[in-house]
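Hi everyone, thanks for making time this morning. I'd like to walk you through a structure that may be new to you, so please have a look at it first.

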Amino acid sequence: MTKMNRRQAGLALAGLAAAGLGAPARAQQGVPRILVGFPAGGSIDVVARRLAEQWRGRTGTTTVVEQKVGAGGRIALATLKDAPPDGLTLVLSPSSMLTIYPHVYKRLQYRPATDFIAVTPVALSTCGFMVGPRVPESVKTLRQFADWTKARTEPEGYASPAAGAMPHFLGNQFARAAGIQLTHVPYRGAAPGLQDLMGGQVASGCFSVGDCLPHLPTGRVRVLGVTDTRRSRFLPDVATFEEQGFAGIHGVESYGLYLPAKTPAAQVDRLLALAQQAIRDPAVVESLAKLGFEPVSSTPEEFARQLAQERERWAPVVAASGFSSEE
């Protein structure tokens with residue numbers, strides 16, 4: 001899974017021409033829709049709407065963005081599983097729903113490896129471990145935070161946007177690696193968690209870099225480390241976990257497009273070409289950057305292989321945390 005290069009762009013153009021996507025898709029019956037498992041106005045919703053706008057300008061066909069909110073994004077994927085495999089219904093989802101959730105939820109309503117076709121990722125999002133005003137300004141690194149925590153009489157908390165999401169387990173990994181006690185405090189989304197972090201109700205948090213970018217100028221949020229294997233281009237001065245001596249703690253969320261299993265190859269190729277064209281559009285690239293996302297693309301085969309590797313990698317991490325859900 002790599003950033004889009006010239007060869008991929010050329011293939012996308014060829015696929016676009018072959019699929020006749022420069023004109024309205026008259027052969028399709030019904031209204032194309034992108035299902036999103038999170039509320040309107042959130043980062044995933046914004047990305048979906050940018051894609052839909054770009055597609056309308058290119059094909060002349062309106063694509064509807066439809067919220068299927070609830071259960072941490074699982075409802076949208078369950079809906080996709082039961083949708084007709086006609087290429088008209090797809091989901092834009094973080095990869096955690098297909099790589100981490102299988103190890104967390106004992107009654108998952110879908111089978112990630114067989115119920116869907118992974119078309120392509122469109123964006124990558126790095127997480128950051130951050131602190132608020134509850135933590136002294138002298139604490140500037142992960143090690144210094146660990147030392148500060150050890151000196152506290154009671155365990156401090158770390159916030160995350162949801163129980164069972166990637167930031168939950170990244171924070172847990174850090175606590176275990178640093179030998180400190182941190183109490184996980186899950187929220188319903190990043191916004192309320194960041195508000196409590198900035199208000200001093202919770203000492204630390206793990207969220208996507210994009211979630212914290214608007215708040216960094218206030219000084220009420222400080223990012224101590226990022227969870228990619230390389231530094232974020234949005235926070236070039238912040239070292240990775242690995243650079244700070246915490247090897248093996250890394251997690252990058254991919255936001256990808258999925259179709260129901262058994263969708264014909266021609267429809268998969270059609271949507272792959274549309275997606276690749278969209279993430280080359282300067283307006284879409286700019287929108288992604290404002291969210292702290294980097295555009296990315298791959299073939300369905302590469303994407304499926306990446307997801308399988310991620311599922312395998314997260315299994316022992318989730319098991320070590322001891323967290324699971326009967327939902």
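A word on terms before anything else: helices (H or I, at least four residues) and strands (E, at least two) are DSSP runs, numbered from the N terminus. What you see is a predicted model, where local features need pLDDT of at least 70 and side-chain atom pairs count only at pLDDT 80 or more, while totals for chains, interfaces and linings use all residues. Residues are numbered from 1 along each chain as its sequence is written, and side-chain values use heavy atoms, with hydrogens and water left out.

Let's start with the whole chain. There are 12 helices and 10 strands in it. Its radius of gyration, taken over C-alpha atoms, is 20 Å, close to the 20 Å that the globule rule (2.2 Å times the number of residues to the power 0.38) gives for 327 residues, so the chain is as compact as a globular protein of that length. The C-alpha trace spans about 65 × 40 × 30 Å along its principal axes. Of the 327 residues, 53% are buried, meaning under 20% relative accessible area with a 1.4 Å probe, protein chains only.

On a 1 Å grid over the protein atoms alone, a pocket is an open set of points with protein on both sides within 12 Å along at least five of seven lines, whereas a cavity is a set where a 1.4 Å probe fits but cannot get out; lining residues have an atom within 4 Å of a point. Grid points are joined across faces, edges and corners, and a volume is the space filled by probe spheres set on them.

The largest pocket holds about 1200 Å³. It is lined by 47 residues, and Phe38, Pro161, Arg188, Gly189 and Ala190 are the closest to its centre. Which helix or strand gives the most to this lining? That is α8, with 4 residues. Others supplying at least two residues each include α2 (43–59), β4 (116–131) and β9 (252–260). By class, the lining has 28 nonpolar, 14 polar and 5 charged residues. Here Ala, Val, Leu, Ile, Met, Phe, Trp, Tyr, Cys and Pro count as nonpolar, Asp, Glu, Lys and Arg as charged, and the others, Gly among them, as polar.

There are also 2 cavities of 30 Å³ or more.

Finally, helix α10 (residues 265–278) is mostly covered, with 11 of its 14 residues buried, including Leu271 and Leu272.

Conventions. Buried means under 20% relative accessible area, exposed over 50%, partly exposed in between (1.4 Å probe, protein chains only).
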